[in-house]
Amino acid sequence: TYCPRYGLRDPLPCDPGYVCSNDGLTRPNLLCPAGFYCQNFTKTSDPFRNDTTLRPYACTPGTYCFVGTGSNEVREGVLGFAQPCSPGFFCEAASTSPKGSG
């Protein structure tokens, strides 16, 4: 969570595509890592932390994700959403490139 301005009663949830890794932030402090998507309330940039559900999740096979992706839903050409692999290529889970592993 973060508080973008003084006087807010309750902090705001961390926005999709971002990580709020500390308390008391005035804005999210990290972008979600490439190959992963971050939903609201993400608190760690480490996708392999199994002690919390508030972490990045791998983009599904057949897709890839840019830095700052907030949804696993595929919307081709729309930043913040997973992207489909290029025709003729296969993207494994957590791919960062449209050509995946070929």
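Tutor: Let us begin with a pair of facing residues: Ser71 stands opposite Phe81, a residue of strand 7. Please keep in mind that the model is a predicted one. Strand 6 covers residues 71–74, and strand 7 covers residues 81–84. These two strands run parallel and are joined by two bridges. In general terms, the strands of a sheet pair through backbone hydrogen bonds, in either a parallel or an antiparallel manner.

Thr63 lies in strand 5, which comprises residues 63–64. Thr63 has a relative accessibility of 6%, and because buried means under 20%, it counts as buried. Its side chain reaches the backbone oxygen of Thr60 at a distance of 2.6 Å. When neighbours within four places in sequence are left aside, Thr63 is in contact with Asn72, Val74, Ala82, Gln83, Cys85, Cys91, Glu92 and Ser95.

Val74, one of the residues on that list, belongs to strand 6. With a relative accessible area of 42%, Val74 is partly exposed, whereas Thr63 is buried. If residues up to four places away in sequence are not counted, Val74 touches Thr63, Ala82, Gln83 and Pro84. The C-alpha atoms of Val74 and Gly62 are separated by 10.0 Å, and these two residues are 12 residues apart along the chain.

Charged side chains deserve attention as well. Side chains of opposite charge can pair when their charged atoms come close. Here, the side chains of Arg75 and Glu73 meet in a salt bridge, with 2.9 Å from N to O. Arg75 is partly exposed at a relative accessible area of 38%, and Glu73 is likewise partly exposed, at 41%.

How many salt bridges does a search of the whole structure find? It finds two. Besides the bridge between Arg75 and Glu73, there is one that Arg49 forms with Asp51, where the closest N and O atoms are 2.9 Å apart. In this pair, Arg49 counts as partly exposed at 35% relative accessibility, while Asp51, at 59%, counts as exposed.

Key. Residues are numbered from 1 along each chain as its sequence is written. This is a predicted model: local features need pLDDT of at least 70, side-chain atom pairs count only at pLDDT 80 or more; totals for chains, interfaces and linings use all residues. Side-chain values use heavy atoms; hydrogens and water are left out. Helices (H or I, at least four residues) and strands (E, at least two) are DSSP runs, numbered from the N terminus. Buried means under 20% relative accessible area, exposed over 50%, partly exposed in between (1.4 Å probe, protein chains only). A polar contact is a pair of N or O atoms within 3.5 Å; within protein, one must be able to donate a hydrogen and the other to accept it, and residues adjacent in sequence count only if both atoms are side-chain atoms. Contact means heavy atoms within 4.5 Å. A salt bridge is a side-chain nitrogen of Lys or Arg within 4 Å of a carboxyl oxygen of Asp or Glu. Two strands pair if DSSP finds at least two bridges between them.
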